[in-house]
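Keep the sequence and the 3D view open while you read.

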Amino acid sequence: MTMRRDDGQKFGWERVVKAGLGIAGLGVAGLGVVLHATPSAAQTSTTNSGSTAATLPPVTVEAPSQARPRTQSAQRTSQSQRGRVASRRNSEAAQTRNTDTREAGAGRGNVSSENSYVASSSSAGTKTNTPLLETPQSISVVTRKELNDRAVQSLTEAVGYEPGVRIDASGYDPRFDAIAIRGFDITYNGVYLDGLRLVGAGLSVFKTEPYGVDSITVVRGPSSALYGLGSPGGLIDLSSKLPTSQPFHEVQTVFGDRERVQGNFDFSGPVDPNGQFSYRLTGVVRDADVFVPGGKDNRTYIAPAFTWRPDQSTSLTILGSYQKSKTPGSMFTYSTGTGTTTDIFTGSPSYNSLDQEQGRVGYLFEHAFNNDVTVRQKFRYVDVDAVTRYVGFLGAPVGNVVSRYTGLVHDTLQSAIMDNQVEAKLSTGPVQHTLLVGTDYTASKFNDRQGFGFGVSDLNLAAPVYAPESIPDPAISSSTAQRQTQSGVYIQDQAKLDHWILTLSGRSDWVRTTGEDLFALTRQTQSDQAYSGRAGLTYVFDSGVAPYVAYSTSFFPNLGVDPSGAFFKPTTGKQTEVGVKYQPQGTRSFITAAVFDLTQDGGLVTTGTGVTVQRGEIQSRGFELQGLASLGGGFDITSSYTYLDMVTKQAADSSTIGKFPSGNPPHTATLWGNYALPLAGPFAGLSVGGGVRYMSWSYGDDANTFRNSSVTLVDAALKYDFGQAAKELKGLQFQVNAKNLFNLHYTTCQVGYCYRGAPLTVIATLGYRW
């Protein structure tokens, strides 16, 4: 397949395959990276004031003046080696698993993703298949069942009920999955797929199709000890849908308000009678509008996967996807003052689009040499091409009439990443060790081209008219090219002595970044090196209670120089966390609580004169509580509460020192439940669900001069299984989901910019499984 981009270059698989073969040739010599460029808050607002500053020069968008599941071999080490308590707990959990459950991938252990809200283990926190109870870090897993019950349509929706997560600081925006954890943005440097970073830069941010994932894991707190450069807030790891050992087929037709029409399909199963080869093919086609005039939310997504298992000790899964999407280039509505927005769209329906194509190809390989030694290798190549067209205000209105300008941004991003791991199980006397040694390597290339023009009509705010008009693309006036490589080596030891588990992780990274201004013909090169680590101690009681304490660090390299000409040092983070986890024996339930003290140091801040300096420090402290349960009688529930206390300790703008960074509510609480009515009776086959999301007040600017109001949003769901009414209709289901059920009109302001929240959205899904 060959495709052409707007710049005439080939988008498709010729370059994907060539790059893939080239990087794969590195083999185990492969040693991770992110290109991080923050578009201006005025157009994207994906980064809050507490975010780590950009590695790459900010991309300004302004006016011209400005693997399979571990088979039995993967669990070879006797449970006695993992401790008698874990043995009893894990065996009880295994008895609750549905034998119909499909594979969740190499080393994931999330085998109940389709049948329960509660996951028993995850590899995201340790890169090994570790019970959540034994991981000394606050981690949540959103299973496929929960994603299905809530009819999730975006990554932000998927994690909206998780503790410590902020998803709508910039309002409703289908362009990006803008997410912050514990007050720090992770949009560019904290989203992973199958343990490998999804690099993002400028306006070329990888878009996630939630129908294509099996589960989503939220890891809170610094994670550089295993993953390298990243946000101190944490990360989100998506687990791909992988080929299954049993045949599975699903088709869905989705309808909704704002002219939404969507089709989904998911087919999987073995190819040969022996089950050595299996496949999966997942796809989505959508045509939908959004609430701004002329805005679209269209998508075409196809994701093939193929697994080869020559024996019980070896698996190779090839994964690929192609996605084409169209969303608005701008979602802004006019703000009349601090804390308020109107329904007046500031752009033009004739020139308002973000057209993005993205493709990826990679593999997951695992081989167990014996009961004690396993090797893994993961690789992915990604190509993203994003063309953004938008209209913005040029200055303040004069007599209710405002002049406008046009903006064009064409960003392309290619990245290749490889992660090599060796896991060994050994003992030193009575202490049992799970030792992990790994190297990873990432190479990324980012190109940004921008232009601005004036070929657009003025807008009368008193009587706005959006008549069709012909708006030409402005000429390109700036062009930059940036390349970055990251090499990392890490080691981790999970040492277990009876009830005690000591987790020690350490890593060293080397990052080299080169930036070129293709118009000014200037070049800048910078190299950084950093160490990061984690130490955690957990004690697992026989009752299933596990208190823990942990200390972890993070780093993120910065490109550029300070006013004296010296290179910026990497932005660093450090956190102390104390928590307790509880998994009652013999039940599908899990409760976690954690207090944390997290500090980001050396963040870049910009003075009022536009000079960038490195003296920012932000402290984030808080408390998180989460409870999940899949109870008998068809009742599933997830709930959370977060208390967040942030303060700006150092900043270039002295008016923000001692203030609470904007867009972060001190209190958030969520509750979602789904109940399947008894199979005997007149309502057999009926399920009802509902949820509440509460966000307290937050400051609308970093100087804390005004506040956003608190908001409580209600979601609801209704599902009917036709198979309970007639056997011949087995597998046929109908579901209706309403989000923001009471159509609450609310505004969120951050760093002085104000945005509309998502309005009432109703989605109906008719699906058939066989």
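**Exercise 1.** Find how many residues in the lining of the largest cavity are nonpolar, polar and charged.

*Solution.* Start with the classes: Ala, Val, Leu, Ile, Met, Phe, Trp, Tyr, Cys and Pro count as nonpolar, Asp, Glu, Lys and Arg as charged, and the others, Gly among them, as polar. Sorting the lining this way gives 20 nonpolar, 11 polar and 17 charged residues.

Before going on, note that this is a predicted model, where local features need pLDDT of at least 70 and side-chain atom pairs count only at pLDDT 80 or more, while totals for chains, interfaces and linings use all residues. Residues are numbered from 1 along each chain as its sequence is written, and side-chain values use heavy atoms, with hydrogens and water left out.

**Exercise 2.** State the volume of the largest cavity, then name the residues closest to its centre.

*Solution.* On a 1 Å grid over the protein atoms alone, a cavity is a set of points where a 1.4 Å probe fits but cannot get out; lining residues have an atom within 4 Å of a point. With grid points joined across faces, edges and corners, the volume is the space filled by probe spheres set on the points. For the largest cavity this is about 850 Å³. Of its 48 lining residues, Ser154, Thr156, Glu157, Tyr172 and Ala758 are the closest to the centre.

**Exercise 3.** Which parts of the chain does the aromatic pair of Tyr334 and Phe393 tie together?

*Solution.* Rings of Phe, Tyr and Trp (its six-membered ring) pair if their centres lie within 6.5 Å; planes under 30 degrees apart are stacked, over 60 edge-to-face, and the rest tilted. The structure holds 21 such pairs. Tyr334 and Phe393 make a tilted one, 5.9 Å centre to centre with 40° between the planes. Now locate them, using strands (E, at least two residues) as DSSP runs numbered from the N terminus. Tyr334 is in the loop between strand S15 (314-327) and strand S16 (353-368), and Phe393 is in strand S17 (residues 373-393), so the pair ties together parts 59 residues apart in sequence.

**Exercise 4.** Describe how strands S36 and S37 are joined.

*Solution.* Two strands pair if DSSP finds at least two bridges between them. Here four bridges join S36 (residues 747-750) to S37 (residues 753-756), and the strands run antiparallel. Thr748 stands opposite Tyr755 in S37. The two strands form a hairpin with two residues between them, and Val751 in the turn has a positive phi of about 40°.

Terms used:
On a 1 Å grid over the protein atoms alone, a cavity is a set of points where a 1.4 Å probe fits but cannot get out, and a pocket is an open set with protein on both sides within 12 Å along at least five of seven lines; lining residues have an atom within 4 Å of a point.
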